[in-house]
Number of protein chains: 2
Amino acid sequence: MALYASGEDYLEAILVLQRKMGAVRSVDLDRHMNFSKPSISNAVGLLKKGGFLEVDGNGSLLLTGLGREVAEQIYERHQFFTRQLIAAGVDEKLAEEDACKIEHAISEESFRKWKAELEG
Amino acid sequence: MALYASGEDYLEAILVLQRKMGAVRSVDLDRHMNFSKPSISNAVGLLKKGGFLEVDGNGSLLLTGLGREVAEQIYERHQFFTRQLIAAGVDEKLAEEDACKIEHAISEESFRKWKAELEG
DNA sequence: CCTTTTTGTTAGCTTATACTAACCTTTGGG
DNA sequence: CCCAAAGGTTAGTATAAGCTAACAAAAAGG
């Protein structure tokens with residue numbers, strides 16, 4: 001099952017929220033991303049079907065190995081682009097916003113090389 | 001009328017083709033981008049309606065001031081990201097592909113500042 | 001215990017962006 | 001001069017990703 005920009009964003013959000021607050025349920029995603037409950041519910045269903053996460057008896061979202069891998073990759077990109085933009089003088093809010101879009105647009109290969117070049 | 005990633009790509013392609021071969025018709029776009037004729041036709045219609053281009057009696061696509069402005073902005077981003085990635089060791093083909101996606105994801109403000117920072 | 005709130009799902013809609021199949025023009029060579 | 005090719009449009013379809021309205025189930029607390 002393919003993963004798209006949207007799915008990457010959900011996985012990243014789950015990772016971030018897990019680090020911040022331990023267990024993460026759909027409703028936490030709901031509050032963190034600004035999407036409606038049905039959108040979250042639908043996205044979580046797709047990620048489950050794709051093997052990126054599982055839902056336990058308490059409704060907690062658990063990243064699988066695959067899901068965690070993707071989430072960490074995307075989050076690393078997020079941080080890199082945010083740092084770069086802030087270093088260039090962009091204010092934090094905009095830097096985050098733009099990083100959040102760029103992170104889905106670049107290939108892993110380009111990212112690795114560019115990061116090595118700029119921060120290596 | 002709003003302009004999306006897709007529209008930006010068409011405008012950029014028109015600009016590039018104009019520079020390379022003078023007049024540009026839909027069929028030239030057709031060959032340059034790998035989309036079907038109806039997709040091109042539809043996109044051109046939307047760009048016309050949005051005031052980004054006009055079509056003359058010969059079917060040539062003429063960028064308006066607005067259209068040219070957008071096209072040049074996007075093309076500048078395209079060139080910047082391609083250069084950066086190539087400088088980081090990414091091969092040209094992938095650099096172009098990734099640049100082509102990143103160019104739509106970044107805000108003008110972030111782009112200006114980042115370009116100034118990296119290429120002074 | 002019953003009611004309200006919290007949480008999640010279903011059903012159905014919208015929009016951006018692509019596609020194919022089929023059709024209509026215009027144009028240009030034999 | 002006619003027929004084929006080239007160029008472009010129409011109609012209908014698909015998919016990713018969001019939305020609202022309405023419902024269902026579970027938890028919480030007076």
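Biologist: How many salt bridges are there between chain B and chain A?

Modeller: This is a predicted model. A salt bridge pairs a side-chain nitrogen of Lys or Arg with a carboxyl oxygen of Asp or Glu, within 4 Å. Between chain B and chain A the count is zero.

Biologist: How many residue pairs are in polar contact across the interface of chain B and chain A?

Modeller: Ten, with both residues of each pair at pLDDT 80 or more.

Biologist: Which elements give two or more residues to the side of chain B that touches chain A?

Modeller: In chain B they are α4 (65-87), α5 (92-102) and α6 (108-119). The most comes from α6(B), with six residues. By class, that side of chain B has eleven nonpolar, four polar and five charged residues.

Biologist: How much area do chain B and chain A bury between them?

Modeller: Buried area is what two parts lose on being put together, summed over both. Here that is about 1,800 Å², with 64% on carbon and sulfur atoms. Chain B brings 20 residues to the contact, and chain A brings 20 residues.

Biologist: Now the fold. How do the elements of chain A run from the N terminus on?

Modeller: The order is α-α-α-β-β-α-α-α. That comes to six helices and two strands.

Biologist: What radius of gyration does chain A have?

Modeller: Chain A has 15 Å. A compact globule of 120 residues would be near 14 Å, so the value agrees. The C-alpha trace spans about 45 × 25 × 20 Å along its principal axes.

Biologist: What percentage of the residues in chain A is buried?

Modeller: Buried residues make up 44% of the 120. Of the contacts in chain A with a separation of 6 or more, 58% join residues 24 or more positions apart.

Key:
Residues numbered from 1 in each chain as written. Chains lettered and ligands numbered in written order. Predicted model: local features only at pLDDT ≥ 70, side-chain atom pairs only at ≥ 80, totals over all residues. Heavy atoms only, no water. Contact = heavy atoms within 4.5 Å. Buried area = accessible area lost by both parts, 1.4 Å probe. Polar contact = N/O pair within 3.5 Å; in protein donor to acceptor, adjacent residues only side chain to side chain. Helix = DSSP H or I, 4+ residues; strand = E, 2+ residues; numbered from the N terminus. Nonpolar A, V, L, I, M, F, W, Y, C, P; charged D, E, K, R; others polar. Rg over C-alpha atoms; globule rule 2.2 N^0.38 Å. Buried < 20%, exposed > 50% of the residue type's maximum accessible area, 1.4 Å probe, protein only.
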